[in-house]
Amino acid sequence: MNIQTPVKTDKAERMRRAREEAYATPLAQFHPGAPRLFQDDTLWPWFERLRKEEPVHYCTNAPIEPYWSVVKYDDIMHVDTNHGIFSSDSTLGGIGIRDVPQGYDWPSFIAMDQPRHSSQRKTVSPMFTPAHLDELAKLIRQRSQTVLDNLPRNETFNFVERVSIELTTQMLATLFDFPWDERRKLTRWSDVATALPKSGIVASAEERRREMDECYAYMSKLWNERVNSAPRNDLLSLMAHNDATRFMDPDNLMGNIILLIVGGNDTTRNTMTGSVLALNENPEQYDKLRANPELIDSMVPEVIRWQTPLAHMRRTALQDTEIGGKHIKKGDRVVMWYVSGNRDEEMFEKPNEFIIDRPRPRTHLSFGFGIHRCVGMRLAELQLRIVWEEMLKRFDRIEVVGEPKRIYSSFIKGYESLPVRIPG
């Protein structure tokens with residue numbers, strides 16, 4: 001459509017300039033974790049060159065401490081599945097490329113090593129059993145129908161705000177049994193928890209601290225209510241009535257709550273938005289899906305690969321070791337770039353293409369592997385599958401009518417806005 005031509009032209013020119021810059025810059029000057037690359041969607045040639053020329057790369061050219069980038073699928077799997085060598089512990093820096101800031105050290109089970117990790121993770125896993133997901137599916141479908149039925153026709157609106165945020169926030173409120181009328185607090189706390197100083201989400205570190213303290217106070221109140229009442233089927237109650245988590249210190253409690261809020265918000269929200277963008281950028285795949293809606297089952301994991309909503313996870317080396325022929329010293333930061341591993345030419349045929357009937361679509365890295373594999377991944381897939389089943393029933397097409405606005409982050413790979421229109 002003509003309305004989309006300027007968007008495609010702008011993207012092509014942006015990528016041409018990015019490729020020139022990436023291949024002209026000496027490898028010693030690479031900082032693949034620069035948030036601007038992700039906000040501008042110009043990261044791809046930088047990681048492409050690293051995969052070809054230096055798949056284990058040591059960055060010293062950054063405003064943060066030096067770090068190793070691991071960008072190939074097999075090397076990422078090696079790091080992710082060897083938790084005895086590579087630590088996630090928050091006291092060593094945590095799971096982000098940047099160390100956990102002083103004063104924000106709220107340890108969660110994703111930022112713990114064994115045995116504490118598994119004992120705390122197990123307390124929330126009943127929320128994601130097949131039987132409980134079957135029950136949640138009914139609720140997801142009902143809510144998806146309501147949200148989609150209330151979308152305007154022949155009018156531009158922000159898909160992120162009207163669909164992605166609304167549906168994921170409703171689910172978060174259900175998982176926590178959170179007061180319904182205040183559920184958007186969960187969205188805000190998730191955004192603030194992962195915001196970088198230059199993101200514009202908060203004006204200062206003090207404001208960030210103040211908002212997270214409000215989250216702390218609010219969730220502590222709910223926690224105390226669940227501890228002192230009969231067990232219920234929500235995340236807070238599951239933790240409150242399990243010996244492995246009932247007596248957590250307040251910082252550990254808050255860390256796990258923030259983890260579950262961010263995990264339940266960002267992955268689904270950004271992949272839901274990314275699916276609309278991917279299908280618009282690949283209209284032949286959109287036509288294929290409309291002709292055969294059963295392809296939703298393979299389209300969902302493919303869009304999770306294509307989007308990679310969490311771009312990286314970081315580990316800290318517990319001992320001297322080797323990755324891809326490079327010597328890693330004890331204490332070194334090791335960043336697994338899932339976003340690059342999911343485009344590894346040796347693992348995926350035509351990795352930069354969005355192919356909704358791709359063979360073995362669940363081989364992607366987006367949920368991680370090993371002991372830290374995403375506990376809620378089946379719920380995320382379920383939400384995406386149902387919303388697309390319901391969209392295909394209602395709309396011939398959802399058209400992207402402008403450039404997406406992406407988040408300033410090299411951790412959360414997501415969107416602030418996506419202007420769309422549903423033809424009447």
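**Note on the predicted model: sheets, helix packing and cores**

1. Strands β2 (residues 67-70) and β8 run parallel, and three bridges join them. S69 is the residue opposite V335 in β8. Keep in mind throughout that this is a predicted model.

2. On the pairing of β8 with β5 (residues 312-317), the sense is antiparallel, over five bridges. Here R314 stands opposite V335 of β8.

3. Is β8 (residues 333-337) covered or open to solvent on its two faces? Both faces are covered. R333, V335 and W337 lie on one side, V334 and M336 on the other, and all are buried. That makes five of five residues buried in β8. As a rule, side chains in a regular strand alternate between the two faces of the sheet.

4. There is another open sheet, of three strands, in the order β4-β12-β9, with antiparallel pairing. β4 (157-158) and β9 (399-400) stand at its edges. Each of them has a single partner strand, so one side of each lacks a neighbour in the sheet. β9 and β12 (residues 419-421) pair over two bridges in the antiparallel sense. E399 stands opposite R421 of β12.

5. Helix α12 (residues 250-281) packs against α8 (residues 184-193) at an angle of about 95 degrees, with the axes 9 Å apart. The two helices are therefore roughly perpendicular to each other. From α8, the contact uses L186, T187, W189, S190, D191 and A193. From α12, it uses I258, I261, V262, N265, D266 and R269. By class, this contact has six nonpolar, three polar and three charged residues.

6. α12 also packs against α14 (residues 296-307), at an angle of about 95 degrees and with the axes 9 Å apart. This pair, too, is therefore roughly perpendicular. On the α12 side the residues are N270, T271, G274, S275, L277, A278, L279 and E281. On the α14 side they are M299, V303, I304, W306 and Q307. The contact of α12 with α14 has seven nonpolar, five polar and one charged residues.

7. α12 and α13 (residues 283-291) pack at an angle of about 110 degrees, with their axes 5 Å apart. They are therefore roughly perpendicular to each other. L279, N280 and E281 of α12 meet P283, Q285, Y286 and L289 of α13. That contact divides into four nonpolar, two polar and one charged. L279 and E281 take part here and in the contact with α14.

8. How many of the 10 residues of α3 (residues 44-53) are buried? Eight are, so α3 is largely enclosed by the rest of the structure. The buried residues are W44, P45, W46, F47, E48, R49, L50 and R51. Charged side chains are among them, including E48 and R49.

9. The largest nonpolar core has 63 residues. Within this core, F176, F178, M219 and L379 touch the most other members. M219 touches F176, F178, W189, L236 and I257, leaving aside residues up to four places away in sequence. One of these, W189, belongs to the α8 side of the contact with α12. A second, separate core of 40 residues includes F157, V160, A380 and V387.

10. Q170 deserves a look. It lies in helix α7 (residues 159-176). Q170 is buried, because its relative accessible area is 8%, and the cut-off for buried is under 20%. Q170 touches R143, V147, W180 and R183, again not counting residues up to four places away in sequence.

Note on methods. Residues are numbered from 1 along each chain as its sequence is written. This is a predicted model: local features need pLDDT of at least 70, side-chain atom pairs count only at pLDDT 80 or more; totals for chains, interfaces and linings use all residues. Side-chain values use heavy atoms; hydrogens and water are left out. Axes are lines fitted to C-alpha atoms, for helices over the stretch in contact, and angles run from 0 to 180 degrees between N-to-C directions. Helices (H or I, at least four residues) and strands (E, at least two) are DSSP runs, numbered from the N terminus. Angles under 35 degrees count as roughly parallel, over 145 as roughly antiparallel, 65 to 115 as roughly perpendicular and the rest as oblique. Contact means heavy atoms within 4.5 Å. Buried means under 20% relative accessible area, exposed over 50%, partly exposed in between (1.4 Å probe, protein chains only). Two strands pair if DSSP finds at least two bridges between them. A nonpolar core is a set of buried Ala, Val, Leu, Ile, Met, Phe, Trp, Tyr and Cys residues joined through side-chain atoms within 4.5 Å.
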